[in-house]
Amino acid sequence: MCFCKWYKRWRSRRRARIYEGPHAEVDGGTRIRRDTDAPKEIESRELIRFSCRFSALSLMEEDTQLPRGVYDFGASKGEGGVSSTVDCNNPKVLGGERREVRTEEFLAELEQLVREHNVAQYNGQYYKVSGLPDFYGATVDAEYASGETLYCYNNQDPFLPIPFVRELCRLFDLSGEDGDA
């Protein structure tokens, strides 16, 4: 087995052990995990994979200037460029998932947003409340060329800075019928 496959399998098992634990699916329970080894600052500036899910369901549109909904953003570097996906379950924002191929400058701008809004400060945090009817929080999962990773999850609280999410909407060309998002 090559080192890459071994490392990915090891990281997956480690993540499952740290974040899920043996009693992961207890109804009504709360699971809080913090990976103390997760760096709060990412050295690399070369982002190769990014995904973010953010819920604005529990937030007031007047306060956030984001239409209610669950937003999904994704980008990954490939041979033909950068594959990006964006989706929102609010039909006023987007009628369905949109996929595009972009240049590598897109990932550089995305990495700059992550750095500018200090998303790495949440690295290693995992907070899950079982039994919630829908996703009301936020999650970020990013991988860098250096092997560094950024992962944070909370299914109850949308902890990401609102300006960061608005900038993601701008970067992914996501806007509502009236041009707002």
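## Two helices side by side

Helix H3 (residues 104-116) and helix H4 (residues 162-171) have axes that come within 10 Å and cross at roughly 170 degrees. That makes H3 roughly antiparallel to H4, a label for angles over 145 degrees. Axes here are lines fitted to C-alpha atoms over the stretch in contact, with angles from 0 to 180 degrees between N-to-C directions. Helices are DSSP runs (H or I) of at least four residues, numbered from the N terminus.

H3 makes the contact through Phe106, Glu109, Leu110, Leu113 and Val114. H4 uses Phe164, Glu167, Leu168, Arg170 and Leu171. Contact means heavy atoms within 4.5 Å.

## About the model

This is a predicted model, where local features need pLDDT of at least 70, side-chain atom pairs count only at pLDDT 80 or more, and totals for chains, interfaces and linings use all residues. Residues are numbered from 1 along each chain as its sequence is written, and side-chain values use heavy atoms, leaving out hydrogens and water.

## Aromatic rings

The whole structure holds six aromatic pairs. Rings of Phe, Tyr and Trp (its six-membered ring) pair if their centres lie within 6.5 Å. Phe106 and Phe172 form an edge-to-face pair (planes over 60 degrees apart). Their centres are 5.0 Å apart, with 85 degrees between the planes.

Phe106 lies in H3 and Phe172 in the segment after H4, so the pair ties together parts 66 residues apart in sequence. Tyr71, Phe73, Phe106 and Phe172 form one aromatic cluster.

Key: Angles under 35 degrees count as roughly parallel, over 145 as roughly antiparallel, 65 to 115 as roughly perpendicular and the rest as oblique. Rings of Phe, Tyr and Trp (its six-membered ring) pair if their centres lie within 6.5 Å; planes under 30 degrees apart count as stacked, over 60 as edge-to-face and the rest as tilted.
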